[in-house]
Amino acid sequence: MATITMRQIRAGEVPFDGGTAIQEDPERPVFRGNGPDDYVCVVCANVLAVAMQPVQMTKKVRVRCGRCATINVAVTEEPDVRSPGQSARKHQ
Ligand SMILES: [Zn+2]
């Protein structure tokens with residue numbers, strides 16, 4: 001069991017596709033899985049997801065902290081460079 005601090009998302013990174021989970025109650029994690037790791041807010045260390053598998057916590061998983069409203073993402077090793085026009089899967 002490990003506790004992993006999530007990463008604060010940058011303003012431009014937040015897509016407007018409604019993909020961010022909102023934590024409405026700071027006392028209750030948004031996600032509850034069956035894996036080894038807990039994920040906490042990068043700013044206030046509030047628990048956002050518990051018992052998650054690493055494969056479940058991808059770049060697509062974003063959680064808005066119910067305590068400080070920071071939007072967190074799990075993946076930290078992802079390079080920040082993003083070339084426009086490369087995301088062929090974009091569908092709006
Ligand atoms: Zn927080």
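Two strands count as paired here if DSSP finds at least two bridges between them. On that basis, this predicted model has four strands that make up an open sheet, ordered S2-S8-S7-S3, with mixed pairing. Strand S2 (7–8) and strand S3 (20–22) sit at the edges, each pairing on one side only.

Stepping back to the overall makeup, the protein has eight strands and zero helices. Read from the N terminus, then, the elements go β-β-β-β-β-β-β-β. The chain has 92 residues, and buried ones make up 21% of them. Among contacts with a separation of 6 or more, 50% are between residues 24 or more positions apart.

Now for the pairings themselves. In general, strands of a sheet pair through backbone hydrogen bonds, and the pairing can be parallel or antiparallel. Both kinds turn up in this model.

Strand S5 (residues 37–40) takes part in two pairings. With strand S1 (residues 2–5) the arrangement is parallel and there are four bridges; here Ile-4 has Tyr-39 of S5 as its bridge partner. With strand S6 (residues 47–52) the arrangement is antiparallel and there are three bridges, and Val-40 faces Val-47 of S6. S5 and S6 form a hairpin with six residues between the strands, where Ala-45 adopts a positive phi near 65 degrees.

What about the nonpolar residues? As a rule, nonpolar side chains in soluble globular proteins tend to be buried together. In this model, the largest nonpolar core contains 14 residues, and the ones with the most contacts inside it are Met-6, Tyr-39, Leu-48, Ala-49, Val-63 and Ala-74. S6 supplies the largest share of this core, at three residues.

Leaving aside residues up to four places away in sequence, Val-63 touches Ala-21, Gln-23, Val-30, Leu-48, Ala-49 and Asn-72.

Terms used
Residues are numbered from 1 along each chain as its sequence is written. This is a predicted model: local features need pLDDT of at least 70, side-chain atom pairs count only at pLDDT 80 or more; totals for chains, interfaces and linings use all residues. A nonpolar core is a set of buried Ala, Val, Leu, Ile, Met, Phe, Trp, Tyr and Cys residues joined through C-beta atoms within 7 Å. A residue is buried if 20 or more other C-beta atoms lie within 10 Å of its own, exposed if 12 or fewer, and partly exposed in between; C-beta atoms are placed from the backbone. Two residues are in contact if their C-beta atoms, placed from the backbone, lie within 7 Å.
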